[in-house]
Structure formats: C-alpha cells, structure tokens
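This report covers the overall dimensions of one protein and then its aromatic ring pairs. The sequence and coordinates come first.

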Amino acid sequence: MGQLRETKSVLAIVWSNWERPVECLGRLFENDADRRAYFLEKLREKLSDPAFRNSSGFPQGAIEDILRVSDPPYYTACPNPFIEDFIRYYGRSEGIETDDDWRPEPFAADVTEGKNDRIYNVHPYHTKVPYKAIMRYILHYTRPGDIVFDGFCGSGMTGVAAQMCGSREAVRSLGYEVLNDGTILDEEGKPFSRLGGRMVILNDLAPSATFIAYNYNRGVGAGTKHEEMRRFVTSLLDLERKYWSVTMPDGTTATIAYVVWSDVFFCSNCSGEIVFWDAAVDRDTGKVAPEISCSHCGAIYQKRSLIRSFLKFPDPLLGGVVEYPKLEPVLVGIAGNADRSVHEYPAEHFREQIADKLKLIDRLSVFPDYPLDTGWEMYRHGMGKHGVKSHKQLYIPLSALTLEEIWTQIWSVSDFEVRSKLIWVFTSIALRCSKFNRRLPSGGGGPITGVLYIPSLIRQENPIRLFARKLNELMDGIFNWLPRNDNGFCLQTTGLEGCSLPPDSIDYVFLDPPFGSNIFYADMNFIWESWLGLFTNRGSEAVISDRALTQRKTAGDYGELMYKSFTAVYRALKPGRWMTVEFHNSSNVVWNIIAESIQRAGFVIADVRTLDKKQKSFRQTTAAGAVKHDLVISAYKPATRIAADFRLKAGTEDGVWAFVRTHLRHLPVFVRSQDDKAEVVVERLSFRLFDRMVAFHVQRGVTVPLSAAEFYQGLAQRFPERDGMYFLPEQVAEYDKKRMTVKEVLQLQLFVTDESSAIQWLRQQLAKKPQTFQELHPKFLKEIGGWRKYEKPLELLELLEQNFLRYDGKGEVPSQIHSYLSTNFKELRNLPKDDLTLRAKAKDRWYVPDPNKAGDLEELRERALLREFEEYRESKQKRLKVFRLEAVRAGFKKAWQERDYATIIAVARKIPENVLQEDPKLLMWYDQALTRTGDDR
C-alpha cells in the first residue's frame, strides 16, 4: 500500500506539470483546474451551513473571499472538511506500539539552526522555526509516509520540513549521511531514519498564516507558469514609469528606489517646526542624538516630550477629513541603470515632484480599507500617537496607490496557481512598503520584527522594484527548492482548540504555540489580512492581555485555551507516539502554563532541550531577563496497553512502579554535551520522577498511594542508580559503557529562590560532602540573595533539621560520612566506623539520609507544614503576602487526597495570581480542583 501511495503521488506531480489528468484522494480529474473546481463546489456547499460557519475559530470574512484563495482539498481558508478524507487515504492504521523494533527515545540533543536560508527568508512572517531544525525532529520520530501535524503552523515550516525529508540534498545538509537504499545515518554513523517525504496536516487560526503556509508548501510548475509571471513583472514597468520616475537636475529621467521621510515636531517654546532628520540625526553615522535642539530658538527636548505636527486631508473613501502626521522628505534614493546600486540625493532637488505625487491619493478607488480598534495591543503601542485609524493610513499615499494597482492587476490573472504565488509575493513586501519600514543607521531599511512600530525616519520603498526583485529571486532558484509533492499536505484555518481530527490518526506532532503576551498575532497580521479580506477570529486567539485591551484575556484564559488545544492534539495522536513543543517566553508564568496544560491533557513530559535559532527576536534582544534560546519539550502519549495496565492498578503501589518503568523506558539513556561531558538527564533524578508520577496520577483523578520518602525508598530498591539518575536494568549497561568515554558528568546549576530549591541545593552540597553547620552557613547566605519576596524566610538550621540528619559523634559513623572521609583523608582510610579519630572528624556533620530512613523526617516535616497550611486556610486575609510555599503544596496534596477541592480553591485564591501561575505544582492541584468542581474561575 505504501508503494502504491508513492506511485500515485509521483504520477500526480508529473501530470499536473503537463496539464494532464490528476489524481486526488482517489478521484481522477482531466486537469488540476477541474480538480479545484470540483472541490470548490463541495466547499461552497459546506459554507452554506450556518453551523459550519459558526464553528470555533472560524475566520471573519465573506464566503467569496474564503473561496477565492482556497485550493481544496489541500488548502481552505476556513476549517477544512476534507481532512478526514486525506487521513483516510494516506494514513496508516498501525501505531508505534505495534512495532517493537522502532521505539525512539526523546530527541535528546540541543539544536542550533540559523535563519539565513533561502527558503526561510522568502516571507517575513513574525516567528518561524527554521525548517531544517524541524527536519531533525521529524526524521527522528517518524518514518516515510507517516502523518505529521502542526496545529499552530504559522508560515508552514513544519510542512516544508516534512516534505523535505524526501530530499537527499536537504537531509545531507543537516550533516547526516544518506545511503543508496535511503537509510539515514546520524553523526556517529548509526542508522536512525529513512529518506522519504512525510505527509503533513497544518492548522492555524490566522488566514494570513495559512495562506503563506499554503504557498510555502505548494510547488509551482515551471515553463509556462514562469513565463506568465515574467510577463506580469514586465507589465508593471509602465506603472513604475508613471508613478516612480523623476526628472534629475540634469534633465534626465530616473527611477526612485526609495524616499526617506522624517517626522516633524512642534516646538512648544517658539511654535517653530523641528524636522527630526535635521535636528537629531548624525549624517555620518546615522545615529540619533539623545537630546534634540530647536533650530529656531535653541530649546532642548527629549524625543518623547516632543509634540507631533499633523496635517488634515479630505478622505474620499472614509468620508470627512482625516489627520496624518506631517512628514518631510529628506533623502531620495535613485536607482542605478545597469545594476542594483542606489545613489542618494537631498530631497530638495525633488521637492515639487514629490509634492505632486502626494496628490495622487485621490485616485484610490478599491483600496481595502479597514478600521483599527483602539483596544488592540498594537494600537496601544504606537498607532494612537500617529493618528492611525485605518489600514490605508499605514501607507504614504503614493505607496498605497501603487499597491492598489498591483493588487488589481494580480486579480486579473486567470491562472489560480500563478495568481496565488503573485499574492504571496505581494504579502511578502507589504510591511516593507508601509510606514513600519524604518531607515537604519547603515542606510538600509526594514521593519522591526515582532512589533508594529512607526519610526521617526520612514524609508518609503518603491513597491514595484521590491515586487519584481522578490519574484525574480523566487523564479531564479527558490521555487526549485520548495516542496514538489502537491498531494503531500492538507491545510486548514481554524482554532486548534476546536480542531476536529479523527482519534488516534496522527503519527507525530510538532507545535510552536503562541507565547502568551510576547506577540499578538491577530494585530501583527492585520496588514496582510486587510489585503486578503479575511481576519483572525480573536475569540480563539491564545494570548494574555491586560484589562485595557479589547480581548482582556488573563493567564487563566490563555491556559484554558492551551489546555483545550493540547487535548485536541492528544485525542488525535496515536498511542505511543510523540509530541514536540517548541517554546519561547521569558515568563515563568507562561512556561508553567504550557507545561501544566501538556500534562493536564494527558501527555507525559520526557525531556526539555534548547533550540538556538541564532538570531534573536526583538523582544529577546530588548526584554530584561529574556532567555537566549527557545525550549523544546518532548512529551509522549502513553501506549494503549500501558494506559490499560495503569487503570487496573490505579491508586496502588504496583500502579506507581508500572508508570515509572514505562517512563524510564521513554527517557534518553545518555546525553553527551558539546564539550564532551555527560549531561545529567533531569527526568531521571528521583525528585523529578516523583513529580511526574504525582502529576500522572492527579491528571487522571487517581489517589497518589506513596509519600515522597516511600517513593524514594522504593525507587532505590527497584532500579539501579548512576550519578544520581535511575535506570531500567537493561539500560544500565548502555549508560556505563558510554559513561566510560567521558571524563565527568556536568553538575546541575541550582538557584536558591525558595524552600524547595534550598533543600535541593543542600542535598546537592551534602551528597558530595557531608558538612557542619559552620561550613554550610556562609555558602548558604551567598545563595539566598534571590529568595522570593512572598516566600517565608527560613533559617538554615530549620531546613537542616527538617530534611537531613546530623551525626552526634556517638556510635558508628554513617556510611555517607565514612565514604567521604575515607576517600578524601589518607589518615582516615581503612579505619572501622567506630574508630574514635574517625568519629571526632565526623561529629556534627550533616548528611543526606538513606531513603529507608527518611520516612520519619518527612512525617515530622509534613505535620509542621500542614499546621502552617491550616493557618492560611483559616486566615481572614484576602491575599497572603508572605507564606511558606511548601506548606501550601502539602496542604493541597492532602486536600486532594481527601477530595476537599473547595479548600484548594479557597486557599489558591488567597495566593497572588502571579505566584499561583508560576508554580507548576500549585497550578496542577488548582486546575484539577476547578475541573472536579466545574468552577469556571
């Protein structure tokens, strides 16, 4: 069957390129136009159903606008009613759990892939994961013909990656070797995958994103298609001569490449005008001075205190009069005749000609103008002070007129495939043709990525010049690099939380979810979606916004949308299969929401790595404390037989160890760092295994049958330990063998911020070296500088007494202390444990107790914690300002075991919202309590 599918796909490509019969989902059509016409009619019938149009995440726009950009069954600018047919035709019924010879561990390597790639840079979408980075994950987790799903696809890089897995050249560019039979060898020369394209289903809420993704994943025929595109570019030359030509001082005619416009401000001291370019910019370096002086009266200003000048213009489209910020042309870039060079001239030489071109705004007739909402995030951060109220006001008039004429001519092209690619090129230059395009100190231009910001120096580009250059670049090579298997993808536009996929139908999931409040995609996409006439359904957008904004979504609202999204993915993913979540956010709140939502949906997290995209985003560069790299979470859906086995043993000790064995099987055995050291696999540490076990039980509504001390004791009895990590018996030999090839194991770097991290830090210190209070105290004081303000301060002695043991000098020296002393002091070697010299040296040293002796300590500590929790429960304070986080955790756990969900909710609402959202354990208990009681927050 697999060979038959591959043969069908190859035939489809060949026939399509020659305008011969094409096969689509088992149907044969005379040509590709007939295929599209047939499925368009089916889509039109579906769109006539009000229930379909009212589905969650359905885009805002007219039915005809949806139909004119859609290419069903492969792409629809709305929910795709043909996805189930696609899966039924291309999918495989078996999952990983039926194939014991192929069971991958999580991809346990940090990935670095740059953004300077010919495909990556075709379109300036706000955030993209380099497709070569995604290829590494797809090759690791899938086989040729598997179905890959991306529910937040953005510009469609996952689709490109999935299809590029069939390109020998693309796979080799990752550093892998590809054998003649298609076997792929990793960097160590071991086979791990096979060459071959993967089928892919893409989903996004934004119509602009799915349109861009469609064109990234849809190949374009050569020959007559390219000829038509070149004719289109040639037809634009008359338009360029009409609008963008000027007469030079010597009387010759030249073409404007760009015009630099400067803000004009009003001097509150003398009422004179301050041209920003003249008053603030160093002509040699392009840098802006920290203070601005009025040339008329000498008054000194900071830029933020200046008042912007405005001009009033009649608006024939909106009616009435609108205000535009006053702009002054200061430089004109004139295109060279024989090459791409540009020569700059002062604007004074062309002032009258430029003024005449500004009057052309009256010629606008069909410009797609839509209002801006003052409650949008992007309006709040800059649009208001520029007086921008609609889409049209985002352009300098001549740019708007030129874009309108290009747009009109594009829609006169009859060939859908050519027209779609022309629109794609158009959207790729739209931002650079707007007021967002800034003049850089180097003289170049470009908008700031990830934000919509109108600069004080706007570089107005010639849209025809940009369009022609971009299209020629595509035809001269990039089109040849784009995926060619047009049948290999299926794409839809809707919210992931309402996405309906058949259960257990997807082989692998790669997600790059929205990052809370980092980027408001609906705002950012406004300029593209205004041209398409289709807008993002903001009700389904997963963002965190403050109460001043239109959406008004809290961290809890964001978390609920993410939970529903991961639940939809969990349902669709085959048991035993993997999900990779690429994530960037400097906020602990958002990170915890993502991790909690993943586990709450039913997934088990197995690993967290980094992905370095080399170039930072705007917020990564400017935000204080922003993380440098994205994080990559690997999580799996438990196999059917494992889930069934757990249900039989749920709430018992056997159920605990059944989960641990399964989880250990899914974890990487050995990870080598880039500096040739062994990394600690955090998921194999005792405390992390305990946390995962508890979460697995809680998310399934099952009582946790073991305390932490009982769990650690059982862990040590059942599983071999190496370097603080626990393994299955069959994994130890592999670890030991690889451990011998490196000199050392990298130690985890712990930061003490609260009681829990302080205990972990002390455990790390005392495991290496049992120490006295006097030795520990000065080091402890250095570590607690970052102690959180809300966390009740605890003395070192209290932490030691509640969690560790001290040798009082009586009886035999404990093994932990004896081992350290005999190893590090020659004179103490080979002495019996009751030797007086040894006992004297060991006296008053604190040490980590054996797991089978830690139970009593834990019981005493838990009683103390619960006493404090009871105080919080009975407190009349609306908000607890300072409290012991471990006490709240212990109280929540006890209340959960007793099914006292009301207590969890009541105390949680006394805790500051940011603290609750930043703590994954509290968030887990609280979300589950809300779910059990049906509370809607």
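A residue counts as buried under 20% relative accessible area, as exposed over 50% and as partly exposed in between, with a 1.4 Å probe and protein chains only. The model is a predicted one, in which local features need pLDDT of at least 70 and side-chain atom pairs count only at pLDDT 80 or more, while totals for chains, interfaces and linings use all residues. Residues are numbered from 1 along each chain as its sequence is written, and side-chain values use heavy atoms, with hydrogens and water left out.

**Overall dimensions**

The protein contains 36 helices and 32 strands; these are DSSP runs numbered from the N terminus, helices being H or I with at least four residues and strands E with at least two. The C-alpha trace spans about 105 × 80 × 55 Å along the principal axes.

Of the 937 residues, 57% are buried. Taking contacts (heavy atoms within 4.5 Å) between residues at least 6 apart in sequence, 73% join residues at least 24 apart.

**Aromatic pairs**

Rings of Phe, Tyr and Trp (its six-membered ring) pair if their centres lie within 6.5 Å; planes under 30 degrees apart count as stacked, over 60 as edge-to-face and the rest as tilted. By this rule there are 50 aromatic pairs. Two of them are listed here.

| Pair | Centre to centre | Angle between planes | Class |
|---|---|---|---|
| Tyr74 and Phe489 | 6.2 Å | 40 degrees | tilted |
| Trp896 and Trp925 | 6.1 Å | 50 degrees | tilted |

Tyr74 sits in the loop between helix H4 (63-69) and helix H5 (83-90), and Phe489 in strand S23 (residues 489-493), so that the pair links distant parts of the chain, 415 residues apart. Both Tyr74 and Phe489 are buried.

Trp896 belongs to helix H33 (residues 885-897) and Trp925 to helix H36 (residues 920-933), so their pair ties together parts 29 residues apart in sequence. Trp896 has 4% relative accessibility and therefore counts as buried; Trp925, at 4%, is buried as well.

Ring pairs also join Phe367, Tyr395, Trp407, Trp411, Phe426 and Trp531 into a cluster.
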